[in-house]
Amino acid sequence: QVQLVESGGGLVQPGGSLRLSCAASGTIFNIQSMGWYRQAPGKQRELVARIVSGGNTMYADSVKGRFTISRDNAKNTVYLQMNSLKSEDTAVYYCHVVTYIVYWGQGTQVTVSS
C-alpha cells in the first residue's frame, strides 16, 4: 500500500524559508507527476507546484520566483523549497502524486507569522 509521508512544515517569520518533503513509501509504479497543493482556512485547495515525469515544472503565479519544486526519482520523493515566505502562504500543504491512481498526503501546516 502506498503512503505519502510529508515533513518540513512549521512556523516561520515573513521572509523566511522552509523546505517540505514528501516521500512515497510502498510499491509505486509509473509516477506521472508529483506536486504540492495547499488549502488556507475558508479557501479552496489550490495547486502550488507540480513536476512531471519528464522534469518539466509548473507553478502557481503567486509562488513563481519564490518556490522551487524538485524530485528525487530514486527515492520517490518530492521537495518544495519555499523562500521569501509571506503571510498569505499560510496553509495546510498537501503532497499529490499521480500514477494510475491519485494519492494525497495527510497535509502539513505551514504558518507564516511574526
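Which residue in β3 is the bridge partner of Ser7? The partner is Ser21, and this pairing belongs to a predicted model, in which local features need pLDDT of at least 70, side-chain atom pairs count only at pLDDT 80 or more, and totals for chains, interfaces and linings use all residues. Residues are numbered from 1 along each chain as its sequence is written, while side-chain values use heavy atoms, with hydrogens and water left out. Strands here are DSSP runs of E with at least two residues, numbered from the N terminus.

**The four-stranded sheet**

- Four strands make up an open sheet in the order β1-β3-β8-β7, with antiparallel pairing, where two strands count as paired if DSSP finds at least two bridges between them.
- The edges are formed by β1 (3-7) and β7 (67-72), each of which pairs on one side only, and the twist from one strand to the next averages 15 degrees, with axes taken as lines fitted to C-alpha atoms and angles running from 0 to 180 degrees between N-to-C directions.
- Strands of a sheet pair through backbone hydrogen bonds, in either a parallel or an antiparallel sense.
- Strand β3 (residues 18-25) runs antiparallel to β1 and is joined to β1 by five bridges, whereas six bridges connect β3 with β8, again in the antiparallel sense.
- Ser21 has Tyr79 as its bridge partner in β8, and Tyr79 is also the partner in β8 of Ser70.
- Strand β8 (residues 77-82) is mostly covered, since five of its six residues are buried, a class that means under 20% relative accessible area, with exposed set at over 50% and partly exposed in between (1.4 Å probe, protein chains only).

**Hairpin and loop residues with positive phi**

- Six bridges pair β7 with β8 in the antiparallel sense, and the two strands form a hairpin with four residues between them.
- Asn76, found in the loop between β7 and β8, has a phi near 50 degrees, which is a positive value in a residue other than glycine.
- Ser84 likewise has a positive phi of about 50 degrees although it is not a glycine; this residue is placed in the loop between β8 and β9 and counts as partly exposed at 41% relative accessibility.

**The disulfide**

- With a disulfide taken as a pair of cysteine sulfur atoms within 2.5 Å, the count comes to one disulfide, which joins Cys22 to Cys95 at an S to S distance of 2.0 Å.
- This pair links distant parts of the chain, with Cys22 in strand β3 and Cys95 in strand β9, 73 residues apart.
- The torsion about the S-S bond of Cys22 and Cys95 is about -85 degrees, and the disulfide is therefore left-handed.
- Both Cys22 and Cys95 are buried.

**Aromatic pairs and charges over rings**

- Rings of Phe, Tyr and Trp (its six-membered ring) pair if their centres lie within 6.5 Å, with planes under 30 degrees apart counted as stacked, over 60 as edge-to-face and the rest as tilted; by this rule there are two aromatic pairs.
- Tyr37 and Trp104 form an edge-to-face pair, with 5.0 Å from centre to centre and 65 degrees between the planes.
- Because Tyr37 lies in strand β4 (residues 33-39) and Trp104 in strand β10 (residues 102-104), this pair ties together parts that are 67 residues apart in sequence.
- Tyr37 counts as buried at 17% relative accessibility, whereas Trp104, at 38%, counts as partly exposed.
- The ring centres of Tyr94 and Trp104 are 6.5 Å apart and their planes stand at 85 degrees, so this pair is edge-to-face.
- Since Tyr94 lies in strand β9 (residues 91-98) and Trp104 in strand β10, the pair ties together parts that are ten residues apart in sequence.
- Tyr94 is buried, with a relative accessible area of 14%, and Tyr37, Tyr94 and Trp104 form one aromatic cluster.
- A charge sits over a ring if NZ of Lys or CZ of Arg is within 6 Å of the ring centre and within 35 degrees of the ring normal; the charged end of Arg45 sits over the ring of Tyr94, 3.7 Å from its centre, and that of Arg19 sits over the ring of Tyr79, 4.1 Å from its centre.

- Ser33, placed in strand β4, is buried with a relative accessible area of 8%.
- Leaving aside neighbours within four places in sequence, Ser33 is in contact (heavy atoms within 4.5 Å) with residues including Arg50, Ile51, His96 and Val98.
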